[in-house]
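Hi everyone, thanks for coming. Let me put the structure up, and then I'll walk you through a few spots in it.

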Amino acid sequence: MTVLYIGNHTSSSKGYAAMARQIIKNGGNTFAFFTRNPRGGKAKAIDETDIQNFLVLAQENHFGKIVAHAPYTLNACATKEELRTFARETFADDLRRMEYTPGNYYNFHPGSHVGQGSEIGIQKIAEILNDVLTEEQTTTVLLETMSGKGTEVGRNFEELRKILNLVEKKSKMVICLDTCHVWDGGYDI
């Protein structure tokens, strides 16, 4: 029997259990959410009671994996070191927080090389991934396809492959195929 998981992006402002209740009301059994404001900043404190309530709802309603999305401001290949530090610290914090809901997904945009060239951008992205991925984590990190506008890295499958080739803990990584991005990037899907 094939199970179809249906959901949508939902607000995390009221916590995990509220997200689950909203998706159940919508007729879904999974959802995506931002780990913090999409433009960056601090994440809300973890409420373990809220998470336990969510885990019960998810089990009772046969939820599939949920997808946490990193803030758009996370740029692992930025030229400015303070932006890379923000990316590294946010990425690591989000992965620690994801372990409260084990076995799910964390999606991120690879970033923009901002004039350094894609090869340097690819190396910098892999460096941060190698810094933050742990053997113990149960979260799978999704490297999202991009359209390649401006200086975006991940504009084609070759760039994504180069990133994955440099990642040491390959078993913690997969590709998220954003059909809108790949279409916009020139793939005739």
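**A walk through the model**

Let's start with histidine 69: setting aside neighbours within four places in sequence, histidine 69 is in contact with His9, Phe33, Phe34, Thr35, Asn107, His109 and Glu144, where contact means heavy atoms within 4.5 Å. Before I go on, this is a predicted model, where local features need pLDDT of at least 70 and side-chain atom pairs count only at pLDDT 80 or more, while totals for chains, interfaces and linings use all residues. Residues are numbered from 1 along each chain as its sequence is written, and side-chain values use heavy atoms, with hydrogens and water left out.

Okay, back to histidine 69, which sits in strand β3, residues 67-69. Helices (H or I, at least four residues) and strands (E, at least two) are DSSP runs, numbered from the N terminus. So is histidine 69 buried or exposed? Histidine 69 is buried, at a relative accessible area of 10%; buried means under 20% relative accessible area, exposed over 50%, and partly exposed in between, with a 1.4 Å probe and protein chains only. Its side chain also makes a polar contact with the side chain of asparagine 107, at 3.2 Å. A polar contact is a pair of N or O atoms within 3.5 Å; within protein, one must be able to donate a hydrogen and the other to accept it, and residues adjacent in sequence count only if both atoms are side-chain atoms.

Next up is arginine 36, in the loop between β2 and α2. Arginine 36 is buried, with a relative accessible area of 9%. Which side chain does the side chain of arginine 36 make a polar contact with? That's aspartate 93, at 2.8 Å. Leaving aside neighbours within four places in sequence, the contacts of arginine 36 include Gly41, Lys42, Pro71, Asp94 and Arg97.

Now for the helices. In α1, residues 16-26, the buried residues include Tyr16, Ala17, Met19 and Ile23. The buried residues of α1 pack against β1 (7-9), β2 (30-34) and α2 (48-60). The axes of α1 and α2 come within 7 Å and cross at roughly 25°. Axes are lines fitted to C-alpha atoms, for helices over the stretch in contact, and angles run from 0 to 180 degrees between N-to-C directions. That makes α1 roughly parallel to α2: angles under 35 degrees count as roughly parallel, over 145 as roughly antiparallel, 65 to 115 as roughly perpendicular and the rest as oblique. Tyr16, Ala17, Ala20, Arg21 and Ile24 in α1 meet Asp50, Ile51, Asn53, Phe54 and Leu57 in α2.

Last, two loop residues. Histidine 62, in the loop between α2 and β3, has a positive phi near 55° without being a glycine. Histidine 62 counts as exposed, at 61% relative accessibility. Valine 114, between β4 (105-108) and α4, has a positive phi of about 40° and is not a glycine either. Valine 114 is partly exposed, with a relative accessible area of 46%.
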